[in-house]
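Colleague: Can you take me through this one? I'd like to start with the salt bridges and then move to the strands.

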Amino acid sequence: MSEDRPLPPDPAQAGDAAEFVAALVRLRQWAGEPSLSRLRALGGQVAAADGALVDALPKSTTSHVLRQTDRLPRWEFVRAFVTACLRSCEHPEELIGGELERWRAARAALAGPAIPPHRPLPHRPLAQMLLPQKPLRRRPLRRWPPLRGLRPRPGGRPARTPGAARGGQGTQGAAGRLRHRTRLLRPEPGRPAHHRPVLHRPAPPQRLLVVGESGAGKTVLAIELVLQLLESPLATGRPPRTVPVRLNAARWTPGRPFESWLAEQLVQDFGLAAGDAHRLVRDRRVLPVVDGLDELDPGPPAGPPRRAMGLLAELNRYSDLSGRRAGAVVVTCRADRHAELRAAGVWLDNATVIRLHDLSVEQIAVYLKARWPDGHPCADHRDGIQAALSGPDGRAVHLALATPWRLLLTATAVESGADPYELLRVDPHADSRAGAEVIARRLLEAYVPAATRLTPRAAYGTAYQPEQVRAWLEHMAAHLRRQAGHSAGADRPPPGLTAIDLVPPTCCGRSAAGSWCGRCTACAR
């Protein structure tokens, strides 16, 4: 956006529905008066009640909404309209999320009482934070103290307010006014507990952001979380209200609405029919566990991580069924990428952040004790590793073994016959971090021979050779790097062309021998 270009209209200036709609009209003018057809194309699609995809901004609907002055447009329309206008004038993608939040807040201020601010979640086990909580019990109205506008009858039962006729007419309005009044009440000193008003607060958003260094176990934690959330429903035989699903963030395409992308992943990974997938997403029966936000922008970016910023903007627009609170989601991200996003002023709204720290020396000892109990063939090696951790080079050894991934490499190498002393030895004159890097390279070099030795291919005859396995791994790593480089240079790379997906070859045959065609999901030539 150029420096002399005026800022977008401010929706917070609107005092009623008519002024809010007028602000939408001014936004379209500010964006260069895009046609209704262009707005429809840029507004994307949403799932209808039957699960079919329909345009979010049909021309007739957009024309009608921009002429009405007696009611606020639905938030779904506002979100699609504002996004389409901003994209029409090539507004920076990373700033669209902030603009949408301004429009959401302005509409919410006109629609009704403000939502109380989010409070941090109490300390509970990780899975328990996301499990559905039991609703608060509402006490009978007759036990509440008299409120203004309710005339108490003899016996304590309040009189029926005007409009609350038999059949429930006017109940919504009365309940809304009553909730607004009782939210401001406080328990009076000395009043018996059963006569005190009950304060009802909305449940906190069920959102988690897991941050950690490379190899800290973020993906393992995401998988463990999915399993924990499914354990209770599987044990009781009752279907869960929501089903957790782990998703690779790198598969998201910039500019794609999160809901439609989520439904597409359900179709691709689990074989669901498109209509069923869209209904599950629409009804919020799926808990997305989005793993690897940092993988969207492979390698050190030249500027801000725009793809990760775009996905966060989509996740911040993702709401629960009411449309007033943030939708439940779990996201994992590498610590350095998370710091870059924070520096750019972008984060996951209303989320509890869980940071994975390095393993302590005591935690390493507990793990080795559990893996190699007394009597295990490798039990004697526990003391050798402990001696290396507490010795003069203990700082370098601890840095090398401080992540679950490297600790697993060490245990695998030792179980295959490697000497812990040789694996963990360090040049006494080297810096601690440099020594840790030497140990890490040594562990990586020892892993493939150890793994092939521990898992022989007896069922198929000839065992795998370490050199053979290493060559395959190097070939696959080169293939992923090629995919990452190709996807980094395209605004919308083909599906499956990511830095983490290995897809069976489906070459289109249009490329010359030895070249990269760029049209295939996995062209390995």
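Modeller: One term to begin with: helices are DSSP runs of H or I with at least four residues, numbered from the N terminus. Keep in mind that this is a predicted model.

Colleague: How many salt bridges does a search of the whole structure find?

Modeller: The search gives 23 salt bridges.

Colleague: What does E340 pair with?

Modeller: The side chain of E340 meets that of R337 in a salt bridge, at 2.8 Å from N to O. Both sit in helix α12 (residues 335-343), three residues apart, so about one helical turn separates them.

Colleague: And is R337 buried or exposed?

Modeller: R337 is buried, at 2% relative accessibility. E340 is partly exposed at 31%, and the cut-off for buried is under 20%.

Colleague: What about E415, which residue does it bridge to?

Modeller: E415 bridges to R371, with the closest N and O atoms 2.7 Å apart. E415 belongs to helix α16 (residues 404-415) and R371 to helix α13 (residues 361-371), so the contact ties together parts 44 residues apart in sequence. E415 has a relative accessible area of 26%, and R371 is partly exposed at 27%.

Colleague: Which residues do shared partners join into one network?

Modeller: D10, E99 and R102, through salt bridges.

Colleague: Which strands pair with β6?

Modeller: Strand β3 (residues 207-212) pairs with β6 in the parallel sense over six bridges, and V210 has T332 as its bridge partner there. Strand β5 (residues 286-291) is also parallel to β6, over two bridges, with V289 opposite V330.

Technical notes
Residues are numbered from 1 along each chain as its sequence is written. This is a predicted model: local features need pLDDT of at least 70, side-chain atom pairs count only at pLDDT 80 or more; totals for chains, interfaces and linings use all residues. Side-chain values use heavy atoms; hydrogens and water are left out. Two strands pair if DSSP finds at least two bridges between them. A salt bridge is a side-chain nitrogen of Lys or Arg within 4 Å of a carboxyl oxygen of Asp or Glu. Buried means under 20% relative accessible area, exposed over 50%, partly exposed in between (1.4 Å probe, protein chains only).
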